[in-house]
Amino acid sequence: IQQRHQAKALQPDKGPKGRDGESELTQETQVKMPDDLIELLFWIPTVVDLMLLAFTYASCRRGGPQWYFEQMDAQPQETGTSKKNDNANIGVGSADASGGPRVDQLWQLAMAAYSAYACLFPWAVYQCVVAPELRVSFCAAMTVLMLLKLDNVSTMGASALKESKNLSLLIFNLPTYGGYVLAKMLMK
């Protein structure tokens with residue numbers, strides 16, 4: 001009896017056989033691998049967006065509107081309704097760090113919205129870690145956000161910035177966030 005046990009111990013254990021003669025472990029791995037790949041569609045853009053948020057939010061808080069305009073290569077654009085003596089555009093894109101009262105008000109509004117995003121986005125990611133069933137709705141919301149960004153970018157004037165943002169949204173964000181939603185819907 002001991003010799004049989006020793007001979008059996010020396011043979012590689014293939015585990016219980018499944019329907020097609022493969023071990024259950026192999027079948028489980030085959031089923032699990034696509035799910036792991038699908039989860040990458042959630043994790044890759046989410047981690048990238050968290051890193052971008054950490055950098056850009058801190059930079060916007062420190063640098064203010066002057067830093068933002070320098071980074072975006074924004075030029076003040078005259079509108080047809082502007083008057084020559086209108087003080088609304090004073091300081092935009094100039095060396096004046098204050099940017100004028102309208103720019104400061106708009107900057108404060110933008111930073112209030114960005115601060116909310118800076119709080120809610122990491123919280124939403126944390127909720128997706130704690131409750132993975134929320135990932136589909138999170139990715140669906142991010143897909144809608146990317147579509148709205150695409151619409152906003154399409155109305156921008158600077159063509160180089162517009163093209164780079166469009167490519168980023170079209171090639172990376174929409175296929176990953178949207179792909180995750182579609183993949184999970186198809187797996188049901």
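The side chain of Thr 46 comes within reach of the backbone oxygen of Phe 42, at 2.5 Å. Both residues belong to a predicted model of a protein with five helices and zero strands. Phe 42 is also among the residues with the most contacts inside the largest nonpolar core.

**Overall build**

- Along the sequence the elements follow the pattern α-α-α-α-α.
- The protein has 188 residues, and 27% of them count as buried.
- Among contacts with a separation of 6 or more, 65% join residues 24 or more positions apart.
- The protein exposes about 13500 Å², and carbon and sulfur atoms supply 62% of that area.

- Thr 46 is found in helix 2.
- Thr 46 counts as buried because its relative accessible area is 0%, and the cut-off for buried is under 20%.
- Leaving aside residues up to four places away in sequence, Thr 46 touches Phe 121, Val 125, Phe 138 and Tyr 177.
- Three of these names, Phe 121, Phe 138 and Tyr 177, return among the residues with the most contacts inside the largest nonpolar core.

**The largest nonpolar core**

- This core has 19 residues, and those with the most contacts inside it are Phe 42, Phe 121, Phe 138, Cys 139, Met 142, Met 146 and Tyr 177.
- At least two core residues come from each of helix 2 (24–72), helix 3 (100–130), helix 4 (135–154) and helix 5 (159–187).
- Helix 5 gives the most, with six residues.
- In soluble globular proteins, nonpolar side chains tend to be buried together.
- Met 142 touches Asp 49, Tyr 117, Phe 121 and Tyr 177, again leaving aside residues up to four places away in sequence.
- Phe 121 and Tyr 177 are therefore touched by Met 142 as well as by Thr 46, a residue that is itself buried.

**Cysteines**

- The structure holds zero disulfides.
- A disulfide is a covalent bond between the sulfur atoms of two cysteines.
- For Cys 128, the closest cysteine sulfur is that of Cys 139, 6.9 Å away; this is too far for a bond, because a disulfide needs the two sulfur atoms within 2.5 Å.
- Cys 139 is one of the residues with the most contacts inside the largest nonpolar core.
- Cys 128 is buried, with a relative accessible area of 2%.
- Cys 60 also counts as buried, at 8% relative accessibility.

Technical notes: Residues numbered from 1 in each chain as written. Predicted model: local features only at pLDDT ≥ 70, side-chain atom pairs only at ≥ 80, totals over all residues. Heavy atoms only, no water. Core = buried A, V, L, I, M, F, W, Y, C linked by side-chain atoms within 4.5 Å. Buried < 20%, exposed > 50% of the residue type's maximum accessible area, 1.4 Å probe, protein only. Helix = DSSP H or I, 4+ residues; strand = E, 2+ residues; numbered from the N terminus. Contact = heavy atoms within 4.5 Å. Polar contact = N/O pair within 3.5 Å; in protein donor to acceptor, adjacent residues only side chain to side chain. Areas by Shrake-Rupley, 256 points an atom, 1.4 Å probe, with all protein chains shown as cover.
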